[in-house]
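Let's take a walk through this structure together, starting with the overall picture and then stopping at a few spots along the chain. Keep the view open beside you as you read.

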Amino acid sequence: YYNENTIIYVDGEYVKASEAKTDLYGQSLHYGYAVFEGIRAYKTASGEVKIFKAEEHFDRFRRSCELIHMPYNYTNEELITACYKVLELNNMEEAYIRPLAYCPPNMTLKAASEMNVMICAWEWGAYLGEKLLKVMTSSYQRPNPKAFKIESKSAGLYINSILASQEAKTKGFDEALLLDLEGYVAEGPGANIFFEKDGKIVTPPPGAILPGITRATVIELCQELNIPLEQRLFTTDELKTADCAFFCGTAAEVVGLESLDGQAFAKPWAQSLGKVLQQAYKARVLEKEFDRSSVKVA
Ligand code: PMP
């Protein structure tokens, strides 16, 4: 992720990653009390490097901090400028950008009175790969929305994601799919889920999921392409009858599922609306025209 020349942003300064320090006596390390974002920069069709939906990511960063009572004294402009500067200082064009909000030393369980921000970036290919994924229903549920601010992209919450991913890999799958407390499909460990059935796209509503920025983009694309979309709860039994399914997230982008619990989806990916949305998403982030005529609406 970094080498001796990598530069990161830490509280207004640009420093070498290998020389940056943090305190070992902090709530962030001990209790997982930290907030992060995952953002991507693309070299767009015009040749310009652009951070995709930077405002939306920093709006969520602020909201994630506020939801867990971390004081937030930054403007989006300040932090977006810092992201571009980190890219420039590291000669990066296409990169994954990781802002992290963490707290100064404190061993109590009181909410933080101060916070720090660091921003780093690295070159990261498709997080879940390019291949269709073999997915298993996880034995882990998503965290209880009444036990946590689940819409806060908080570090501690990701232990749930690590457990689910690890379980899936140990059992020979590529990725996990987690259910909510009621047993409805929620999301992947680091991505939202959609499926296609009879020309319609379906995704779970907000409530037990991280409302992803990629999810919002896919919803916008469905509207633009006149693909009917529903946000509603569904079970894995229903999901297994789908024509196709896909995960989406900033790191993963749009990635198709081959099977769920060993049961393959009905349509070949190449003929699915998932594939259309995958291409439309790629075109959107690269600011390229997308050929709508390729979309067949049922
Ligand atoms: N759900 C979870 C649990 C995630 O970690 C992510 C990745 N941030 C997503 C969904 C997708 O969110 P986004 O599209 O904003 O990256």
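A residue counts as buried when 20 or more other C-beta atoms lie within 10 Å of its own, as exposed when there are 12 or fewer, and as partly exposed in between. Lys 53 shows how that works: it has 19 other C-beta atoms within 10 Å, so it is partly exposed. Keep in mind throughout that this is a predicted model.

While we're at Lys 53, look at where it sits: in the loop between strand 5 (49-51) and helix 2 (54-67). Its phi is near 50°, a positive value in a residue other than glycine. Why point that out? Most residues other than glycine have a negative phi. Asp 11 is another case, with a positive phi of about 45° although it is not a glycine. You'll find Asp 11 in the loop between strand 1 (7-10) and strand 2 (13-16). Asp 11 has 11 C-beta neighbours inside 10 Å, so it counts as exposed.

Now zoom out. The protein has 7 helices and 16 strands. Along its principal axes, the C-alpha trace spans about 55 × 45 × 30 Å. A compact globule of 298 residues would have a radius of gyration near 19 Å, and the protein's value of 20 Å agrees with that. Buried residues make up 39% of the 298 residues.

Next, find the ligand. Which residues are closest to it? There are 13 residues around the ligand, and the closest are Gly 212, Ile 213, Thr 214, Gly 249 and Thr 250. By class, this shell has 8 polar, 3 nonpolar and 2 charged residues. Helix 5 (residues 213-224) gives the most to the shell, with 3 residues.

So let's stay with helix 5. Several of its residues are buried: Ile 213, Thr 214, Arg 215, Thr 217, Val 218, Leu 221 and Cys 222. Ile 213 and Thr 214 are also in the list of residues closest to the ligand. After the helix comes Asn 226, whose phi is positive, near 55°.

Which of its residues are buried? They are Leu 273, Gly 274, Val 276, Leu 277, Ala 280 and Tyr 281. Looking down the axis of helix 7, these buried residues fall within an arc of 155°, so they line one face of the helix. As background, an α-helix has 3.6 residues a turn, so residues three or four places apart point the same way. What covers the buried residues of helix 7 includes helix 5, along with strand 11 (192-197), strand 12 (200-203), strand 14 (244-249) and strand 15 (253-260). Helix 7 is followed by Glu 287, with a positive phi near 55°.

For the last stops, compare a few single residues. Is Leu 128 buried or exposed? With 20 C-beta neighbours inside 10 Å, Leu 128 counts as buried. It lies in the loop between strand 7 and strand 8 (133-141). Leaving aside neighbours within four places in sequence, Leu 128 is in contact with Leu 133, Asp 174, Glu 175, Phe 247, Ala 252 and Val 255. The C-alpha atoms of Leu 128 and Gly 190 are 9.7 Å apart, while the two residues are 62 residues apart along the chain.

Glu 114 is in the loop between strand 6 (95-102) and strand 7 (116-122). It has 10 C-beta neighbours inside 10 Å, so Glu 114 counts as exposed. Not counting residues up to four places away in sequence, Glu 114 touches Pro 71, Cys 103 and Pro 104. Pro 71 is 43 residues away along the chain, yet the C-alpha atoms of the pair are separated by 6.0 Å.

Finally, Gln 263 is found in strand 16 (residues 263-264). Gln 263 counts as exposed, with 12 C-beta neighbours inside 10 Å. Gln 263 and Leu 233 are 30 residues apart in sequence, and their C-alpha atoms are 20 Å apart in space.

Notes: Residues numbered from 1 in each chain as written. Predicted model: local features only at pLDDT ≥ 70, side-chain atom pairs only at ≥ 80, totals over all residues. Near = placed C-beta within 6 Å. Helix = DSSP H or I, 4+ residues; strand = E, 2+ residues; numbered from the N terminus. Nonpolar A, V, L, I, M, F, W, Y, C, P; charged D, E, K, R; others polar. Arc of directions from axis to C-beta. Contact = placed C-beta atoms within 7 Å. Rg over C-alpha atoms; globule rule 2.2 N^0.38 Å.
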